[in-house]
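Open the model in your viewer and keep the sequence panel beside it. The stops below say what to select and what is there.

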Amino acid sequence: MKFFIDTANLAQIKEAHDLGILDGVTTNPSLMAKEGIKGQEAILQHYRDICGIVDGPVSAEVLATDFKGIVDEGMKLAALHANIVVKVPMIKEGIKAIKYFSDNDIKTNCTLVFSAGQAIMAAKAGATMVSPFIGRIDDANWDGVQLIEQIVNVYNAQGFMTEVLAASIRSPLHIVKCAEVGADICTCPLSSILGLLNHPLTDIGLAKFLEDAKNL
Ligand code: E4P
């Protein structure tokens with residue numbers, strides 16, 4: 001399973017990259033706004049900066065919601081760097097745009113996916129990746145990991161090449177569960193990635209080894 005970081009914060013991207021296990025980055029308008037990035041040129045420059053840190057797919061989300069607007073914006077984003085993946089919302093116009101991008105060899109990430117039916121539409125249109133938001137599904141009292149499993153099964157049964165990118169991760173356990181059911185990619189906040197490192201027995205064991213090492 002590939003690890004993406006779900007942030008637009010350059011320091012966090014660098015920290016995850018320095019671990020040596022980072023495969024890519026996802027952003028969204030909320031994450032960009034959180035970093036205080038304002039104006040089109042600043043947004044484009046921020047994507048360039050992210051691409052300068054991580055040598056892997058970087059999802060950049062379009063703001064337009066009509067076919068022409070999505071295509072124009074997506075082409076501009078894709079021209080920024082070879083690693084840019086155009087992130088397109090799961091709406092009717094978005095599906096048309098994903099098909100257009102797929103026909104023109106531009107990579108896409110279909111975002112805001114909450115059902116297997118939507119995931120099928122994204123794959124049919126030729127999306128490179130599909131992003132089911134599992135944390136938001138859990139928040140709404142459904143089972144997000146179960147949706148990942150269902151989409152993985154459907155894609156395997158049908159031979160779809162679209163990668164399942166588990167998004168809206170809330171905890172290290174989410175990452176483990178997504179790996180268990182066969183997600184291709186997990187995009188996570190830095191805290192969830194670092195959370196995978198933790199176990200109290202590791203801390204206790206290391207403290208004892210270091211204590212005993214004083215007698216060596
Ligand atoms: C996906 O690419 C989104 O950026 C993200 O995972 C949404 O997560 P949230 O539900 O924590 O906002």
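**Stop 1: charged pairs**

Select Glu211 and Lys214: their side chains form a salt bridge, with the closest N and O atoms 3.1 Å apart. A salt bridge here is a side-chain nitrogen of Lys or Arg within 4 Å of a carboxyl oxygen of Asp or Glu. This is a predicted model, in which local features need pLDDT of at least 70 and side-chain atom pairs count only at pLDDT 80 or more, while totals for chains, interfaces and linings use all residues. Residues are numbered from 1 along each chain as its sequence is written, and side-chain values use heavy atoms, leaving out hydrogens and water.

Glu211 is partly exposed, with a relative accessible area of 44%, whereas Lys214 counts as exposed at 60%. The cut-offs are under 20% relative accessible area for buried and over 50% for exposed, with partly exposed in between (1.4 Å probe, protein chains only).

How many salt bridges does a search of the whole structure find? The search finds nine. Another of them joins the side chains of Glu41 and Arg48, at 3.4 Å from N to O. Arg48 is partly exposed, at 33% relative accessibility.

**Stop 2: helices α5 and α6**

Now select residues 92-103, which are helix α5, and residues 116-125, which are helix α6. Helices (H or I, at least four residues) and strands (E, at least two) are DSSP runs, numbered from the N terminus. The two helix axes come within 8 Å and cross at roughly 30 degrees. Axes are lines fitted to C-alpha atoms, for helices over the stretch in contact, and angles run from 0 to 180 degrees between N-to-C directions.

Show side chains for Ile95, Ile98, Lys99 and Ser102 of α5, and for Met121, Ala122 and Ala125 of α6; these residues make the contact. Contact means heavy atoms within 4.5 Å.

Stay on Lys99, which also forms a salt bridge with Asp103, the closest N and O atoms being 2.8 Å apart. Both residues lie in α5, four residues apart, about one turn of the helix. Lys99 is partly exposed, at 40% relative accessibility.

**Stop 3: strand β4**

Select residues 84-89, strand β4. Six of its six residues are buried, so the strand is largely enclosed by the rest of the structure. In a regular strand the side chains alternate between the two faces of the sheet. On β4, Ile84, Val86 and Val88 lie on one side and Val85, Lys87 and Pro89 on the other.

Two strands pair if DSSP finds at least two bridges between them. Glu61 has Lys87 of β4 as its bridge partner.

**Stop 4: strand β8 and Thr187**

Move to strand β8, residues 185-188. Ile185 and Thr187 on one side and Cys186 and Cys188 on the other are all buried. Strand β1 (residues 2-6) runs parallel to β8, with four bridges, and Ile5 is the bridge partner of Cys188. Strand β7 (residues 163-166) is also parallel to β8, with two bridges; there Leu165 stands opposite Ile185.

Finish by zooming in on Thr187. Is Thr187 buried or exposed? At 1% relative accessibility, Thr187 counts as buried. Its side chain makes a polar contact with the side chain of Thr26, at 2.5 Å. A polar contact is a pair of N or O atoms within 3.5 Å; within protein, one must be able to donate a hydrogen and the other to accept it, and residues adjacent in sequence count only if both atoms are side-chain atoms. Leaving aside neighbours within four places in sequence, Thr187 is in contact with residues including Phe4, Asp6 and Ala167.
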